[in-house]
Every structure is written in C-alpha cells, then in structure tokens.
Amino acid sequence: MIKIEKITVCGGGNGAQTLAPIAAHNLECLVDIYAPFADEAERLRARVAAHGGIQVVDAVQAQARPHRISADAAAVIPGSDMVVLVLPAFAHESTLRQIVPHLDDGAWVGAMPARGGFDYCAAQILSEHGRDDVGLFGLQTLPWACRIREYGQIVHVLGVKEVVDAAARPAAQIGQIAPLLEQMLGLSIGAAANMLALTLANTGQLVHPGIMYGLFAGWDGRPFGSDEIPLFYQVLSEDGAQTLLGLSDDVQAIRGRLESKVDLAAVRPLKAWLLRSYGEAIADSSTLRSAFVSNRAYAGLKAPVQKVSPEQFAPDFKARYLTDDVPFGLGVSRATDQLGKENTPTMDKVIAWAGARLNKDYLSKNVHEARIPQRYVLQHLEQLIAFATET
Ligand code: NAD
C-alpha cells in the first residue's frame, strides 16, 4: 500500500472537521485543511491554536492538530498524496478549479460524499489542465452523522456507518484506493465497480428530497413554533415511506435497464442500503419506515427550518436537502435515465415539487444547471457507459 505522507481536506464544516483529526490519527500523516470559504481558514486557525487541535467525540474518538490551515490552495495542495473534498456538491466545481493547478503528479482527488456526477465535472476540469495522471475517487455517502459542537475544537459524531461504498476513475483503480480509504476512515469500504454506480447509489438523493416532500408538500404556509419543528427521520409517516419506496423503485428500474451494459451491483434498494450501513443501530428493521424511525444514528435530527420571526419558523426549502440533493442527485439520476428515454414517475413528482419551491424547473428549462451527463458532452447512453468503464 502507498505510504501517505500528507493529505489535504477541503472544507471547514462538520464533515471536514471530523475527517481531519480521524485521518491524521489513522494514517499517522500530516493533514492540511484548505478552507477558502469566507473567513473559515482564519477562524479555524485561531480556534485550533487556542485548543491545541480538533477533537472528535462520542461514536468515534480522535484528536489531532491540522498541520496547516489556509485559504490559499498554493499553500496546502502541493505535496498532498490525497486531496479530499468534504463539501456540499455545489462547491465541488469551484474548489476543483482552485486545487487542480497545484496537484502533485499522481495525486488522488476525491469527494466525500461524491453525490451525482462528481466524475463528469472533475474529469472535465482535469482534462482542461491536461492532468490524466490524477486518479479520482468518491464515497457514496459521508461515513458519519456529525455536527460541530465547538467550532475548530470539538465535533460530535452521532453515528458511524459500518460500511461505505466507494468508486474510482479509472474504475479499476478502486483496488488501490479502497485499502487506503479503509485505513484512513477506520471502517469497511465496499468497492463499487464504477462511478456511475455511485451516482445512482447516492441515497441522499432519495432520503433528503423524499422526506422533505413527505413532511412539507402539504404545508399550509403558516409558520410554526419551535416546539413544532418536526424531527426529520423519526416522524416518517407511512405516506412519507411510500414516497421513499417510490424513489428507490425508480432508481432500481434505472439499474435494471442499464445492468446488462455496466456493473451496477452497488446500487442497492434503499432499505437494503440502510440495513447494511447502520446494522445494529437500527432497532426494528421490519419495514422501511420502522428502519428509519428506529435508527439510533438519526435520533434527534430535526427538519431544516428558517426563522421567520423571533418565535416562528417555516420550512427551509433552500437547505441542501433540496438545493444539493436535487441538482446533484435526483436530477442527475433522472437525466441518466433520459439517455435511455425511460421514465421515473416518483422522481418526476419530487423533482417538480422541489423545483417549484426553488423557482427552478429541473425537469426541462433548468435541467442543464444540474450536474447531468448531457452537460458534459455525454449525450448518448453508449458514451456514458464508455466513460464510466474507461480504464
Ligand atoms: P457543512 O455545512 O458543515 O459544511 C459546508 C462547508 O462547505 C463550509 O464549511 C465551507 O467550507 C464549504 N462551503 C459552503 N459554501 C461554500 C461555497 N459557496 N463555496 C465554497 N465552499 C463552500 O457541511 P457538512 O455537514 O460537512 O456536509 C458536507 C457534505 O456531506 C454535504 O454534502 C452533506 O450533505 C454531506 N453529509 C453530511 C452529513 C453530516 O452529518 N454532517 C451526513 C451525511 C452527508
């Protein structure tokens, strides 16, 4: 296995502040943080200096001091064996554009989570810079449910998945990167055959917009008090579970239509993914609904809301559960299916509803704002399959 001397984590949020100490601890290597957003680098540096490092507590424990924290890619990207984007998907492209010019020969660049179409965007930027030596990887999800407790000091890990799938580009290189990811994260990595499988296996695209739809499609527009902010997972209704099942079925139908052309074994039905990921944390696995509501790792997480007056709240439709998981999730999977001219009824319903909340028509007018293969000159199914399986 390659010896990692240094990795750079891109981002300054919950996931980035969780990964940095865990990676430094598990790989016994230097970890830099690239945090160009707002004043994050400055704030992080000050807090880390005051506390002596970042501490991960509860479901995972680790403590380490990032080597350098910078808003300047030239200061931290050179010398990195691996660069990991732990960012919402909308920030992938701008971040990749800043880091690619500074990558060492043969470096690895990946995203945790990859969401849909990370490989289309990253491959295009690498190709613009003539960097065919750089390997790409993506994780199907973030391994942890995590929240910053004290910025730059303490991160609370509520739950950790037992196994997370990953894929690489070129696809065959998953055999090289998976053991490194296992060591870095301290958990099992399942090898997905290619990054198209990861795009379709992205369960955030089902769970987040699907539950938002279930919770708020019937919202009457009236603000509510803080005691009425719904739990996100634990109050899943039968109807909500039916929407999730419908979305999962749509993805399984896409898998079924493409499976003879490309290995999509990693694209699991939602309930199978949930049980595989959370195992013992789920008290009642009898139905999809019971598996969600009895999952210890989801306990207490609330729906995204915004304050509309000192005492009143409304659903936050601008939260990433729609703004990230539709254009970088459901919209990508649906567009993949459109290459085969098929149909996805529940996806269409949820995408149309989410689009209306965001003033976007991700089914037609604004479809090219989503990270869809067609935007990256992958206009035919054959081209997409060739891209996904390229060696
Ligand atoms: P976060 O909101 O804590 O962090 C977001 C970070 O992204 C910011 O700190 C900043 O560094 C960067 N960022 C935000 N806006 C930016 C912009 N306009 N330009 C450049 N950078 C910008 O997010 P997180 O909780 O760390 O989540 C990261 C990803 O992991 C998201 O896709 C999220 O959906 C996913 N995820 C998170 C969890 C979790 O428990 N935290 C669980 C599963 C999946």
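This report walks through the fold, the ligand site and some backbone details of a predicted model.

## Overall build

The protein contains 15 helices and 15 strands. Its C-alpha trace spans about 55 × 50 × 40 Å along the principal axes.

How does the radius of gyration fit with a compact globule? A compact globule of 391 residues would have a radius of gyration near 21 Å. The protein has 20 Å, so the two agree.

The ligand takes up the space of the largest pocket.

## Contacts with the ligand

Which parts of the protein reach the ligand's oxygen atoms? Start with the arginines. Arg147 places a polar side-chain atom 2.9 Å from an oxygen atom of the ligand. Arg320 also has a polar side-chain atom 2.9 Å from a ligand oxygen. A polar contact needs a pair of N or O atoms within 3.5 Å, so both pairs qualify.

Gly13 uses its backbone instead. A polar backbone atom of Gly13 lies 3.1 Å from an oxygen atom of the ligand. How much of the ligand does the protein bury? Taken alone, the ligand exposes 830 Å². The protein buries 80% of that area.

## Two cis peptide bonds

Now turn to the backbone. Met112 and Pro113 are joined by a cis peptide bond, with omega at about -5°. Where is Pro113? Look in the loop between strand S7 (108-111) and helix H5 (118-128).

Another cis peptide bond runs from Arg169 to Pro170. Here omega is near 0°. Pro170 also belongs to a loop, the one between strand S11 (163-169) and helix H6 (174-185).

## A positive phi angle

Ala38 is not a glycine, yet its phi is positive, at about 50°. Which elements lie on either side of its loop? Ala38 is in the loop between strand S2 (30-34) and helix H2 (40-51).

Note on methods
Residues numbered from 1 in each chain as written. Predicted model: local features only at pLDDT ≥ 70, side-chain atom pairs only at ≥ 80, totals over all residues. Heavy atoms only, no water. Polar contact = N/O pair within 3.5 Å; in protein donor to acceptor, adjacent residues only side chain to side chain. Areas by Shrake-Rupley, 256 points an atom, 1.4 Å probe, with all protein chains shown as cover. 1 Å grid on protein atoms, 1.4 Å probe; cavity = no way out; pocket = protein on both sides within 12 Å on 5 of 7 lines; lining within 4 Å. Sits in = over half its atoms within 2 Å of the grid points. Helix = DSSP H or I, 4+ residues; strand = E, 2+ residues; numbered from the N terminus. Rg over C-alpha atoms; globule rule 2.2 N^0.38 Å.
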